[in-house]
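Here are some notes to go with the model you have open.

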Amino acid sequence: MPLIIGAVLAVLGGAGGFFVVQKDPLGLFGADKGHAEESAKDSAYQDLTPLGDVGFVEVPPIVIGLGPASDGRTLRFRASLEVPAAHTASVSAIVPRVQDVLNSYLRALEPADFEAPGALIRLRSQLLRRVKLVAGDDHVRDLLVLEFIVN
């Protein structure tokens, strides 16, 4: 009998604690402050500021055969480079060099590299690293993958 009474009291105590923390009837936990912070976060997401002075340089689509072991499968890849607006013209001038770097790296990969979990994230970071080596670290902010299709 004492075991049953102890279990019932434990459940009631847990439920009561949950109610006090969730509803805060005595105002002990600063519920208004929490709601104010949440509404501030919500308004921050609604009032997204533009990225500033950025431009986008389109890289022509690349179609690559995945090799003899892939049974004629191909990769269709398209990307865009996010660059500071001041460097848009200079990066646009070296797009053939950027395309060469992307093409060379993608051709060196095995079909299994595309199918691994998290492959796109890893490939994107490797491609961005190579583009920054060609264009200059301060000339390219990001590489946006617009199309990545393995047929």
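What pLDDT does the protein chain average, and what percentage of the residues score at least 70?

1. Confidence. The protein chain averages a pLDDT of 84, and 83% of the residues score at least 70; pLDDT is the predictor's confidence in each residue, on a scale from 0 to 100. Helix α2 (residues 31-46) has the lowest confidence in the chain, with a mean of 53, while helix α3 (residues 88-93) has the highest, at 95.

2. Ground rules. This is a predicted model, in which local features need pLDDT of at least 70 and side-chain atom pairs count only at pLDDT 80 or more, while totals for chains, interfaces and linings use all residues. Residues are numbered from 1 along each chain as its sequence is written, and side-chain values use heavy atoms, with hydrogens and water left out.

3. Overall layout. The protein chain has 6 helices and 3 strands, and along the sequence they follow the pattern α-α-β-β-α-α-α-α-β. Helices (H or I, at least four residues) and strands (E, at least two) are DSSP runs, numbered from the N terminus. Among contacts in the chain with a separation of 6 or more, 67% are between residues 24 or more positions apart; contact means heavy atoms within 4.5 Å.

4. Surface and burial. The accessible surface of the protein chain is about 10,000 Å², and 61% of it belongs to carbon and sulfur atoms. Accessible areas come from the Shrake-Rupley method with a 1.4 Å probe; for residues, only the protein chains shown count as cover. Of the 151 residues, 25% count as buried, where buried means under 20% relative accessible area, exposed over 50%, and partly exposed in between (1.4 Å probe, protein chains only).

5. The sheet. The 3 strands form an open sheet in the order β1-β2-β3, with antiparallel pairing. β1 (54-65) and β3 stand at the edges with a single partner strand each, so one side of each has no neighbour in the sheet. From one strand to the next, the twist averages 15°. As background, strands of a sheet pair through backbone hydrogen bonds, either parallel or antiparallel.

6. Strand pairing. β1 pairs with strand β2 (residues 74-84) in the antiparallel sense over 10 bridges, and Val-54 has Pro-84 as its bridge partner in β2. The pairing of β2 with β3 is antiparallel as well, over 8 bridges, and Leu-75 has Val-150 as its bridge partner in β3. Two strands count as paired if DSSP finds at least two bridges between them.

7. Helices on the sheet. Helix α4 (residues 95-107) lies across β1, β2 and β3 and runs at about 40° to β1. α6 also packs on the sheet, where α6 touches β2 and β3 and makes about 130° with the direction of β3. For these angles, axes are lines fitted to C-alpha atoms, for helices over the stretch in contact, and angles run from 0 to 180 degrees between N-to-C directions.

8. Inside β2. Is β2 largely enclosed or left open? In β2, 8 of the 11 residues are buried, so the strand is largely enclosed by the rest of the structure. Ala-79 is in this strand and counts as buried, at 1% relative accessibility. Beyond neighbours within four places in sequence, Ala-79 is in contact with Glu-58, Val-59, Leu-143, Leu-144 and Leu-146.

9. Val-59. This residue of strand β1 is buried, with a relative accessible area of 1%. Not counting residues up to four places away in sequence, Val-59 touches Arg-78, Ala-79, Ser-80, Leu-81, Val-98 and Leu-102.

10. Glu-147. Glu-147 lies in strand β3 and counts as buried, with 16% relative accessibility. The side chains of Glu-147 and Arg-76 are joined by a polar contact of 2.9 Å. A polar contact is a pair of N or O atoms within 3.5 Å; within protein, one must be able to donate a hydrogen and the other to accept it, and residues adjacent in sequence count only if both atoms are side-chain atoms.

11. His-139. His-139 is in the loop between α6 (119-135) and β3 (142-150). A polar contact of 2.9 Å links its side chain with that of Asp-138. Leaving aside neighbours within four places in sequence, His-139 is in contact with Val-83, Pro-84, His-87, Ser-90 and Val-91.
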